[in-house]
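I opened this notebook to record what I looked up, one topic to an entry.

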Amino acid sequence: GISNSLRFFEPPRITDISPTGVLTGRSEPDYICSECEIDLYLDNVDEFQDALVYLGSVDADADGNFTYDLGQPLPADLGIRTMATLTKSGVISGYSAGTTTEASQLYTPITDITFDGPTEGFTGTDYQINFAVEPVGVSLPISYSVSITDEPSLIEYVLDDRSDDLVYKWFSPGNKTIEVTADNGINSMTKSFNIAIAEVVEPGSITNVIVTGPTTAEVGEEVVFDIEVAPADASLPIEFTINATDSANPVGGTINSRFATYTRTWTSSGIKMVEVTADNGVNQFTTSVEITIGSVSSTPTPSASSTPSATSTPSASTTPSATSTPSSPSTPSATGTPDPASSGETSIFLPMIQR
């Protein structure tokens, strides 16, 4: 016996519930409840329309907008329902003042966004990250905006669901972030999820090249750099290529060892750089170190003894045991060594004794 004009009249909606408990609302389009008395009810998120607690009422303005202060934050897992009572005739066709609409849907703000997924991974692998908007009875639908590290565009969509799965694959290592913003028309919230992505390491790969040596020296002083490739199970043989400041050409060679030394004498002062690249056919890795060469009153002429002999040994801190004699294939080819006469200085690559 209820006419369609009242039966389908939509009660005013809540548009925002602030963290302090201030409610704002408005009439639905085409259902302007001008100067209506808006009754507010507290309800839980179960499937029943209980309207458990009457909170109070507030008068809407001529456009059907209203504001109400709860005086405290809205309790968790609870929402607000509205009813509107006419204060004048004509607002709903055929009905006079005192007529009350049906109860509205439950308006429940977003209180949290939770994530579930791995926190570590590797490049080139798909990872599924699930997120869920809380509480369980949050008002729907929800508009989502998702930004992902290394993904150039923002992902935006609307779901009539409080949860979703994201599947993504990263191709570069580093700390990656998935940021989700959820907005259900009552409030919005942004939360982030972090995952550390590491480079895929193939068996036998080089993960580091460690170059140790002095950080200062004098012009004309022989400087020795010890080189070590990590890890211990890196595939052999390894081709070393060394570029140094003031060198006309790179030097190097291929040896069946993870260890090598580089010996050099600079004839000019300044900050010098030594760059070492190790390549074992699985991958390559490059490390650079700096050394400051100070000037002296006179520049000594490098002696012939600067060329290593078979008995050359690394510095005392890295002296190998007597059983660590290198094999003859460890000596690099002559094509890897620049002509000392071209720069007036000595630049030598010496295979390190195997350890």
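I looked up Glu37 and found that its bridge partner in E4 is Asp59. I noted that strands, labelled E, are DSSP runs of at least two residues, numbered from the N terminus, and that two strands pair if DSSP finds at least two bridges between them. This is a predicted model, in which local features need pLDDT of at least 70, side-chain atom pairs count only at pLDDT 80 or more, and totals for chains, interfaces and linings use all residues. Residues are numbered from 1 along each chain as its sequence is written, and side-chain values use heavy atoms, with hydrogens and water left out.

I then followed E3 and E4, which run antiparallel and are joined by 6 bridges. They belong to an open sheet of 3 strands, in the order E4-E3-E6, with antiparallel pairing. E4 and strand E6 (78-85) stand at the edges with a single partner strand each, so one side of each lacks a neighbour in the sheet.

Next I examined the loop between strand E3 (37-44) and strand E4 (53-59), where I located Glu47. Is Glu47 buried or exposed? I found Glu47 exposed, at a relative accessible area of 67%; exposed means over 50%, calculated with a 1.4 Å probe and protein chains only. I also recorded that Glu47 and Gly137 lie 90 residues apart in sequence, with 8.9 Å between their C-alpha atoms.

My last entry concerns strand E1 (residues 13-17) and strand E2 (residues 22-26), which pair in the antiparallel sense over 4 bridges. Ile14 has Gly25 as its bridge partner in E2. The hairpin of E1 and E2 has 4 residues between the strands, and Gly21 takes a positive phi near 100° there.

How values were computed:
Buried < 20%, exposed > 50% of the residue type's maximum accessible area, 1.4 Å probe, protein only.
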